[in-house]
Amino acid sequence: QVQLVESGGGLVQAGGSLRLSCTASVSLFRINDMAWYRQAPGKQRELVARITRGGRINYADSVKGRFTISRNNAQNTVYLQMNSLESEDTGVYYCNADHRENYWGQGTQVTVSS
């Protein structure tokens with residue numbers, strides 16, 4: 001099993017920045033993919049960014065050029081740096097680990113005020 005603990009959400013004005021962190025209970029080398037998803041009110045959960053064990057990265061079109069996913073293997077932590085935030089980025093952000101099955105964090109709220 002994998003436990004994921006997220007932090008870093010909050011309230012920010014449009015154009016501002018936030019950094020989310022997700023720390024896993026196991027080594028990231030044992031996990032296939034780590035990803036961030038988000039869910040806005042009344043909408044389905046959607047993929048924001050994914051980083052594979054080999055370092056391959058992909059982003060949702062809506063965040064390309066603004067968000068950066070990275071990992072610190074020594075700390076078992078994945079980050080999501082979010083810049084130039086827009087009101088449409090508001091939602092609950094979830095960390096996800098693909099390790100034989102899918103594991104989810106508890107979610108962290110990001111609110112962008114316009």
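These are my notebook entries on a predicted model of a protein chain.

**Ground rules.** I number residues from 1 along each chain as its sequence is written, and I work with heavy atoms for side-chain values, leaving out hydrogens and water.

**Overall fold.** I looked up the secondary structure and found zero helices and eleven strands, taking helices (H or I, at least four residues) and strands (E, at least two) as DSSP runs numbered from the N terminus. Along the sequence the pattern reads β-β-β-β-β-β-β-β-β-β-β. The radius of gyration is 13 Å, close to the 13 Å of the globule rule for 114 residues, so the chain is as compact as a globular protein of that length; here the radius is taken over C-alpha atoms, and the rule is 2.2 Å times the number of residues to the power 0.38. I also noted that the C-alpha trace spans about 40 × 25 × 20 Å along its principal axes. Of the contacts (heavy atoms within 4.5 Å) with a separation of 6 or more, 52% join residues 24 or more positions apart.

**Open sheet.** I then traced a sheet of four strands, which is open, antiparallel in its pairing and ordered E1-E3-E8-E7; two strands pair if DSSP finds at least two bridges between them. Strand E1 (4-7) and E7 stand at the edges with a single partner strand each, so one side of each is left without a neighbour in the sheet. The twist averages 15 degrees from one strand to the next, with axes being lines fitted to C-alpha atoms, for helices over the stretch in contact, and angles running from 0 to 180 degrees between N-to-C directions. E7 and E8 pair in the antiparallel sense over six bridges, and I found Thr 68 opposite Gln 81 in E8.

**Nonpolar core.** Buried residues (under 20% relative accessible area, with exposed over 50% and partly exposed in between, 1.4 Å probe, protein chains only) make up 45% of the 114 residues. The largest nonpolar core has 29 residues, and Leu 4, Met 34, Trp 36, Leu 80, Met 82 and Tyr 93 touch the most other members; such a core is a set of buried Ala, Val, Leu, Ile, Met, Phe, Trp, Tyr and Cys residues joined through side-chain atoms within 4.5 Å. Among the elements giving two or more residues to this core are strand E3 (18-24), strand E8 (77-82) and strand E9 (91-99), and E3 gives the most, with four.

**Salt bridges.** I counted six salt bridges, each a side-chain nitrogen of Lys or Arg within 4 Å of a carboxyl oxygen of Asp or Glu. Arg 50, which is partly exposed at 23%, pairs with Asp 33 at 3.8 Å between the closest N and O atoms. Arg 50 lies in strand E5 and Asp 33 in strand E4, so this pair ties together parts that are 17 residues apart in sequence. Asp 61, exposed at 63%, forms a salt bridge with Lys 64 at 3.1 Å. Glu 86 and Arg 66 meet at 3.8 Å, N to O; Glu 86 lies in the loop between E8 and E9 and Arg 66 in the loop between strand E6 (57-59) and E7, so they tie together parts 20 residues apart in sequence. Glu 86 is partly exposed at 34%, whereas Arg 66 is buried at 11%. Finally, I recorded a network of salt bridges linking Arg 38, Glu 46, Arg 66, Glu 86 and Asp 89.

Note on methods: Predicted model: local features only at pLDDT ≥ 70, side-chain atom pairs only at ≥ 80, totals over all residues.
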